[in-house]
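Here's a quick briefing for anyone meeting this structure for the first time. Have a look at it, then read on for the rings, the charges and the chain contacts.

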Amino acid sequence: MPLRLVAEDVSVARGGRLLFEGVGFVADAGDLVELRGANGSGKTSLLRAIAGFLRPRAGRIAFEGVEEPPLALHYLGHLNALKGAASVRSHLSHWLGLFGGGIDEDVALERVGLTRQAKLPARVLSQGQGRRLSLARLLIAPRPIWLLDEPAAALDVEGRAMLCRLIDAHRAEGGLVVAAVHDVLGPTPSQTLQIGATT
Amino acid sequence: MLSSFANPARFMGFSSWAAPALALLAVALFAIGLPWALFVSPADYQQGETVRIMYVHVPAASFSMGIYAFMGAASFIGLVWRHVLADIAARSAAPIGATYAALCLLTGSLWGAPTWGTWWEWDGRLTSMLVLFLIYLGYIGLWSSIEDEERAAKLAAILCLVGLINLPIIKFSVDWWSTLHQPASIFRAEGPAIHASMLAPLAVMAGAYAALFGALLLFNMRAAIHRRRIEAARLRAGAT
Amino acid sequence: MSAFAVTFRRDFALMWSGGGALAPLGYFLGATMLVPLAMGPDRALLAAAGPPLVWIAAALAVLATLERLFQADLEDGALDQMMLSPAPLEVLVFAKGAALWCAVGAPLALAGAPAAIALQAPLALVPAVVASLALGMAAFIGMGLVGAAVTASVKRGGVLIALIVLPFFAPPIIFGAAVAQGEAVTSALLILAGCALGACALGPIAAAAALRLQAE
């Protein structure tokens with residue numbers, strides 16, 4: 001069965017408050033779904049619901065063509081999941097073990113442009129460099145579905161170009177990307193979803 | 001029966017008359033039980049008048065344990081079937097259980113003064129009750145320190161169940177500890193044979209405690225549901 | 001390396017980086033020192049009542065390490081990543097507990113030897129005290145995982161963790177203190193091992209359930 005992500009009539013509530021309802025989309029291999037909406041509209045919550053971290057109040061989120069959904073996806077949130085005292089390289093070997101299997105640490109580092117920082121502890125990285133390291137997590141263990149929450153946050157011009165290349169390459173390999181964005185990400189989305197605009 | 005309780009609207013309808021009815025029953029049973037226990041019932045031939053403390057102490061002890069078991073059941077239902085009312089029931093029962101436990105500790109201490117000659121004896125039962133009281137405090141503390149009600153309910157439910165699994169172990173170890181340190185020479189108040197003239201007022205007092213628990217639980221739950229509705233209305237107003 | 005191994009290795013390394021695991025040791029020795037200061041230096045009195053107090057110091061020292069155990073992972077997003085691992089969250093939580101035992105629990109158990117000697121425990125009893133502390137630490141940490149997980153989102157939750165966890169420390173303290181007093185040593189050690197096993201089985205399951213809720 002080919003890869004497909006289906007969201008049907010999803011509504012999500014946080015802290016007793018309904019964030020959005022009736023959101024749905026279908027995404028196939030190679031697609032990029034852009035989520036747009038004001039602050040607090042629930043873009044992050046939708047991504048977390050797709051990741052399986054939180055249970056939608058109503059609706060259905062289904063995966064086709066993958067066996068265990070949590071193991072088929074990467075989640076890149078606002079937080080970079082970095083430990084200040086650990087080195088850049090040790091983060092990658094940690095994720096390699098955590099997610100099981102994948103590519104060489106050095107290849108991943110090179111693709112996000114952190115080769116020179118490999119031995120530095122994560123606490124000395126700038127915001128943008130931290131983001132790059134977090135992006136390397138997407139590469140270290142190949143998984144078909146990427147859930148990206150404002151992936152370009154803190155990235156410089158060159159970093160954004162790198163992000164575009166990563167997303168393009170991932171789509172070309174048959175991957176699927178769902179990204180919450182504020183401004184133009186770069187790659188042409190297959191569809192754009194407006195969250196929380198109705199109320 | 002359970003499913004009708006699970007519906008908040010139906011619960012509000014049922015509790016609107018059940019809570020005051022139970023409260024009246026509690027008042028009536030205390031009105032009978034307290035004078036009976038404290039004045040009419042016979043004094044113990046060994047303990048004398050101090051045995052009357054038992055009528056307040058023993059029901060408080062057994063109900064504070066029973067209430068924790070009730071909270072455990074409610075927590076389980078809340079976790080597995082996601083019943084909001086079960087969460088509210090567990091939360092609403094906790095302060096009552098803690099108060100009963102405190103009452104048990106207090107009366108135990110009062111009874112200890114004439115009987116053992118000390119205001120606090122590290123007796124196995126009293127120590128177990130102290131641990132239970134602390135578990136209640138931890139549960140209430142966790143509830144009140146997490147703002148998101150739904151999350152607080154689930155986390156407190158996990159804690160409650162862990163406590164429920166631990167309680168027999170704690171009870172066993174405290175018993176082991178008390179026999180290690182005090183050979184069985186200490187006089188036990190709750191001997192095997194309680195005379196019938198003592199049993200009847202004790203039963204009335206137990207009924208009074210049960211009715212009081214029921215009434216307070218329902219009042220607490222109603223207050224919690226009202227609070228949730230107000231909160232929901234406020235959130236809706238803020239969202240538009 | 002497996003998900004268990006990398007989680008264990010990272011937590012162990014982070015606990016030791018900057019000497020972080022030395023602090024509980026210092027706490028333990030400091031608390032032990034307070035005992036003779038409070039009871040007086042009389043050797044007979046200390047020998048009669050002192051050794052079990054090693055357990056109070058050890059319980060407090062391990063308690064102090066619990067607050068940040070999961071809170072840090074919740075705050076920096078590492079918990080999200082743990083939930084996307086092929087390894088069950090329970091296993092990863094167990095790995096974190098095992099790392100805490102190795103980095104803090106085992107050194108504390110070893111430090112129990114000089115502490116017990118200083119509190120006038122008979123030398124012949126010291127190996128049993130160390131062994132009992134090692135088991136007791138596993139029981140403390142197993143229960144501590146639950147307290148740390150349910151309070152992971154509570155800011156400055158240290159006191160709350162203590163309130164939640166201390167009642168669950170009662171059984172290991174009781175049997176550990178019996179060992180330190182030289183009473184029923186073998187059976188107390190066996191029961192302690194049972195406590196440790198139970199806590200290590202129950203703790204990660206309950207803690208993982210709580211952490212999934214924290215991530216919602």
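Rings of Phe, Tyr and Trp (its six-membered ring) pair up here if their centres lie within 6.5 Å, with planes under 30 degrees apart called stacked, over 60 edge-to-face and the rest tilted. By that rule, B:F30, B:Y100 and B:Y209 make up one aromatic cluster. Bear in mind that this is a predicted model, where local features need pLDDT of at least 70, side-chain atom pairs count only at pLDDT 80 or more, and totals for chains, interfaces and linings use all residues. Residues are numbered from 1 along each chain as its sequence is written, chains are lettered from A and ligands numbered from 1 in the order in which they are written, and side-chain values use heavy atoms, with hydrogens and water left out.

**Rings and charges**
- Searching the whole structure turns up 14 aromatic pairs over all chains.
- The charged end of A:R137 sits over the ring of A:W95, 5.2 Å from its centre (the rule wants NZ of Lys or CZ of Arg within 6 Å of the ring centre and within 35 degrees of the ring normal).
- Over all chains there are 19 salt bridges (a side-chain nitrogen of Lys or Arg within 4 Å of a carboxyl oxygen of Asp or Glu).

**Where chain C meets chain A**
- Chain C puts 27 residues into this contact and chain A puts in 26, where contact means heavy atoms within 4.5 Å.
- The two chains bury about 2100 Å² between them, 57% of it on carbon and sulfur atoms; buried area is the accessible area (1.4 Å probe) that two parts lose on being put together, summed over both.
- On the chain C side, C:R10, C:Q81 and C:L84 lose the most area to chain A, together 35% of what that side buries.
- Three salt bridges are counted between chain C and chain A.
- C:D80 and A:R48 meet through their side chains in a salt bridge, at 2.9 Å from N to O.

**Where chain C meets chain B**
- Here the contact draws 29 residues from chain C and 27 residues from chain B.
- About 2300 Å² is buried between chain C and chain B, and carbon and sulfur atoms give 81% of that.
- C:F168, C:I174 and C:L213 are the chain C residues that lose the most area to chain B, together 23% of what that side buries.
- How many salt bridges cross between chain C and chain B? The rule finds zero.
- Polar contact across the interface of chain C and chain B comes to one residue pair, both at pLDDT 80 or more.

Terms used:
A polar contact is a pair of N or O atoms within 3.5 Å; within protein, one must be able to donate a hydrogen and the other to accept it, and residues adjacent in sequence count only if both atoms are side-chain atoms.
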